Amino acid sequence: MRKNLSHILINSFGVSKEDIDEARRIKAERGGHTGDMLVTKKIIAETQLLEALSIQYDIPFWPELPLDNFGTDFAHLVPIQFLKKYVMVPLERNNQISSPENSLPQNDRQNAAADMQNSTCIIAINDPVAFQPLDDLIRILGLDDYKLVLSTKNLILTAINISYDLSRDSAEQLVQDMEENGSAIISEIEDTADLLDDISDAPIIKLVNHIISQSVKARASDIHIEPYQDSFKIRYRVDGILYDLLSPPKWIQPALVSRIKVMAKMNIAEKRLPQDGRFDVKIGNQEIDVRVATIPISFGERVVLRLLNKSGSLLSLSELGLASDKLDQLESLVKSPNGIILVTGPTGSGKTTTLYAILSSINIPDINIITIEDPIEYQIKGISQIQVNPKIDLTFARGLRSIVRQDPDVILVGEIRDHETAEIAVQSALTGHLVFSTLHTNDSAGAITRLVDIGIEPFLISSSVLAVVAQRLVRVLCSDCKQPYTPDDATLKSIGITTDQFQGSTIFMAKGCENCLNTGYKGRTGIFEIMLLGSGLKSTILKTYDSNRIKNEALKLNMVTLRMDGIQKVLSGISTIEEILRVTQK
């Protein structure tokens, strides 16, 4: 006779009768299961509920699943949506094994259905009363011999995602299949007015989807589609460096570009003018915002896709890579009541990420923060964000002029590009607002020269600018494969590491392993140069706006340069000498 779940929860897990009654009342109102209501109200954990269900139904509970060693043949037979909806996944194996710690032997696969029929199959489920979908799964797979286990939703969904990812054809295989069926594919494309009308198995659609998913998996920030005279190349940028992904045959190029343009709602007939568009994709539990830009070149259209993972959380100030003294300095600066704080660096150096981290650190209910950006990369709760739109003449200058009439305490201007924007930003800072913005300059001292070039008087700069933060992104050594070594004197001299600094420190070199795509690096961190405009620097700016003289004065006042900060990253074992030289070399 089956045991009562309520009794099991009360006797074995300390749940009170009052909690059970309350869960039943909610169940009567909303539907669902009593156990799920208890988990939702955090009276018990999901694992405790599954242990109780294990006792009730006499089904083993597995707190871990063998995610690194199971078959994927069922992926060709069962739609992924079915398994995700009913939270169940088959774990194929040859021998009946009662615990997940045992190894799972690999089968020689010839026919998916036949192979599944001949093997004992473990099916991990989350809901033991979902009889109908379980029967459907058993029927689809043609199983005669199987065992059931209970596991958590997260583990089962992870297993489903891994299975379907492993079962997909590689991009190279897709291209090879297209080469073998080239003429049929071309006629199919020519016959279809809208590529979106193609079935999802269409080779071009599969290839584009795979290029995007493979790039996301590799943590790429951009995908480049580059046409040449008799070939075209697909590359992606990981941690700031471009790597080759594919070199498909030239005839695939027009269809591939057209597919991307359709996804981005761009004009596929217009191939003579640059175009911009965007679309969203979902890969597993990741939401990706894809920005597309095309330009016409001699041999076709060049396309760049910028990938922005919206599922990733915003970084805090402490996660940017600032040394403790610089972090204290910046935290003190962002609490200023008024003035301008500029963040400088080339495109892709992390300026926007730094500004978002700063805004998040000061985002409290009693401060009114308004931003104008191009584009808005992340939506931040509690902050009003304006998107620049040149088509309706909503420029930085025009938007900024409107913002100052909205009674803001803090203003973020995405970029100072012209005299009008710079002038309004300075006036805003002088009238009691704290203003953040970015400039494209090589170092902090160059920002002063750039503002003067735009047309801002030196006395206004010295009165309004509080600090200039220059930054770069450097690749972080892979913790799994980095190797200690002793660099020669010439290498140490090239970056400026003295013998005294080197004593007692361990310097590492990049090697490369499968965890870091054989690059030796995994992830990036920032190096920073903070130039505070104290009274000494202000008087220098009033006399001259030559960046070299301003920088020399800042160095006398103990400013730490980008190169110096990079040296500390090398001595701390975070990055390499070659990497610091790459990003700080003039």
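Start with the largest cavity: select Val208, Ile211, Ile212, Ile223, Ile225, Leu256, Ile260 and Leu305, which line it. A cavity here is a set of points, on a 1 Å grid over the protein atoms alone, where a 1.4 Å probe fits but cannot get out, and lining residues have an atom within 4 Å of a point. The space inside the largest cavity is about 50 Å³; volume means the space filled by probe spheres set on the points, with grid points joined across faces, edges and corners. Three cavities of 30 Å³ or more are present in the structure.

Now colour helix 11 (203–217), strand 4 (220–227) and helix 12 (253–263), each of which supplies at least two residues of that lining. Helices (H or I, at least four residues) and strands (E, at least two) are DSSP runs, numbered from the N terminus. Which element gives the most to the lining of the largest cavity? Helix 11 does, with three residues.

**Before going further**

This is a predicted model, in which local features need pLDDT of at least 70 and side-chain atom pairs count only at pLDDT 80 or more, while totals for chains, interfaces and linings use all residues. Residues are numbered from 1 along each chain as its sequence is written, and side-chain values use heavy atoms, with hydrogens and water left out.

Colour by pLDDT, the predictor's confidence in each residue, from 0 to 100. The protein chain averages 84, and 87% of the residues score at least 70. Strand 10 (residues 339–344) has the highest confidence, at 96, whereas helix 6 (residues 112–117) has the lowest, at a mean of 42. Next select residues 94–119: pLDDT stays under 50 there, and the model has 48 contacts beyond four places in sequence for this stretch. Contact means heavy atoms within 4.5 Å. Residues 182–200 also have a pLDDT below 50, with 24 contacts in the model beyond near neighbours in sequence. Where pLDDT is low, the predicted coordinates should not be read in detail.

**Two loops with a positive phi**

Go back to helix 11 and step into the loop between helix 11 and strand 4, where you will find arginine 219. Arginine 219 is not a glycine, yet its phi is positive, about 65°.

Then select lysine 265, in the loop between helix 12 and strand 7 (275–283). Its phi is also positive, near 55°, and lysine 265 is exposed at 75% relative accessible area.

**A cis peptide bond**

Jump to aspartate 374 and proline 375, which are joined by a cis peptide bond with omega about -5°. Proline 375 sits in the loop between strand 11 (369–373) and strand 12 (384–387). Most residues other than glycine have a negative phi, and most peptide bonds are trans.

**Around helix 7**

Select helix 7 (residues 131–141) and show Pro133, Leu134, Leu137, Ile138 and Leu141, which are buried. They lie on the same side of helix 7, because they cover an arc of only 140° around the axis, the arc being that of the directions from the helix axis to the C-beta atoms. Gln132 and Arg139, on the other side of helix 7, are exposed. Just after helix 7, glycine 142 has a positive phi of about 65°.

Zoom in on leucine 134, buried at a relative accessible area of 9%. Leaving aside neighbours within four places in sequence, leucine 134 is in contact with Met88, Ile123, Ile125 and Leu148.

**Last stop: the cores**

Show Leu9, Leu65, Leu83, Val89, Ile123 and Leu137, which touch the most other members of the largest nonpolar core, a set of 45 residues. A nonpolar core is a set of buried Ala, Val, Leu, Ile, Met, Phe, Trp, Tyr and Cys residues joined through side-chain atoms within 4.5 Å. Another core, of 37 residues, lies apart from it; among them are Leu342, Phe396, Met531 and Leu537.

How values were computed:
Buried means under 20% relative accessible area, exposed over 50%, partly exposed in between (1.4 Å probe, protein chains only). On a 1 Å grid over the protein atoms alone, a cavity is a set of points where a 1.4 Å probe fits but cannot get out, and a pocket is an open set with protein on both sides within 12 Å along at least five of seven lines; lining residues have an atom within 4 Å of a point.
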